Amino acid sequence: MTRPHTTRRKRANGLESRQRILDAAVEIAGERGYEGTSIAAVSAKCGLPASSIYWHFKDKDDLIAAVIERSFDSWLAAVELPGEETGTSLQRVTVMAANVAKSLVDAPDFLRLGLMLALERRPTEPRGRTVFLQVRGVARQKITEMLQTLFPELDEDGIHTLTTYAIAGADGLFVQREITGDAVDLRAMFELHAQSVHEVARRMAAGAGR
C-alpha cells in the first residue's frame with residue numbers, strides 16, 4: 001500500500017520536474033526559436049532525460065504550447081481594470097497598462113514565443129500557435145469588455161477598432177523592447193499607449209453622443 005506522504009513526495013517531484021522542463025524550454029526557444037528547439041536540447045539544459053520530458057509532454061509542440069499557457073496565465077491576471085476606487089477612467093487604464101507591462105517584463109515567453117509562431121506559416125499548424133491564438137482571443141475579449149464598460153456610447157465597430165489598435169500597439173512596443181532591450185522602458189511606453197487609446201476612445205465617444 002502506498003503511503004500518503006510518499007504519494008505527495010512523488011507528486012511534488014513530478015511538478016518540480018515539469019517546471020524545470022518548462023524553464024529550460026523557455027530558455028532554448030528564446031535563443032533558437034521554435035525550429036531550433038528540440039527535446040534533446042531541453043533535456044541537456046534541464047538535466048533530465050528525454051524520457052522524463054516525454055512523460056510530461058507528448059512532443060515538442062505540446063511542450064511549447066505548455067510554455068505559452070503557463071506564461072499566459074500570469075499575463076492575463078494583469079489584464080484587469082482596477083476598481084473605481086483607483087481614480088478616474090484614465091488613471092485606471094494607466095494602472096492596468098503598468099501591470100501588463102510588468103507581467104511581460106517578468107514573463108515575456110508567452111508573447112515572444114506566440115508572436116514567433118503566429119508569424120510563421122506551416123502546412124501543419126503547430127499546437128503552440130493554435131493555443132497562442134486562442135488565449136490571445138481571450139485577452140482581446142477582456143480588452144473589448146473594458147472599453148465597453150468605460151465607453152458605453154461606442155458602437156461595435158468603434159470598440160473593434162480601438163481593441164485592434166490597443167493590441168497592435170502593445171505588440172509593437174513589446175517587439176521594440178525585444179530588439180533594443182532595456183533601452184525601452186516598457187512600463188512607461190505601455191502607460192503612454194494606454195493613455196493614447198483612452199484619449200481616442202474619449203473623442204470617439206464624444207462624437208457618438210452628438
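## Second largest cavity

By class, four nonpolar and two charged residues line the second largest cavity, with no polar ones. The model is predicted. The lining residues are Leu104, Val105, Pro108, Phe174, Arg177 and Glu178. Two elements, H5 and H8, each give two or more residues to this lining. H8 gives the most, with three residues.

The space in this second largest cavity is about 30 Å³. The count of cavities of 30 Å³ or more comes to two.

## Largest cavity

The largest cavity has a volume of about 410 Å³. Its lining holds 26 residues. Nearest the centre of the largest cavity lie Met96, Ile143, Ala166, Ile167 and Ala170. By class, the lining of the largest cavity has 21 nonpolar residues, three charged and two polar.

The largest share comes from H7, with seven residues.

## Annotated domain

The UniProt record, an unreviewed entry, lists residues 15-75 as "domain: HTH tetR-type". In the model, that span is 87% helix and 0% strand. The C-alpha atoms at the ends of residues 15-75 lie 21 Å apart.

## Helices at both cavities

H5 and H8 each give two or more residues to the lining of the second largest cavity.

Terms used:
Residues numbered from 1 in each chain as written. Predicted model: local features only at pLDDT ≥ 70, side-chain atom pairs only at ≥ 80, totals over all residues. Heavy atoms only, no water. UniProt positions renumbered as here; feature names shortened; annotations may be inferred. Helix = DSSP H or I, 4+ residues; strand = E, 2+ residues; numbered from the N terminus. 1 Å grid on protein atoms, 1.4 Å probe; cavity = no way out; pocket = protein on both sides within 12 Å on 5 of 7 lines; lining within 4 Å. Points joined across faces, edges and corners; volume = space filled by probe spheres on them. Nonpolar A, V, L, I, M, F, W, Y, C, P; charged D, E, K, R; others polar.
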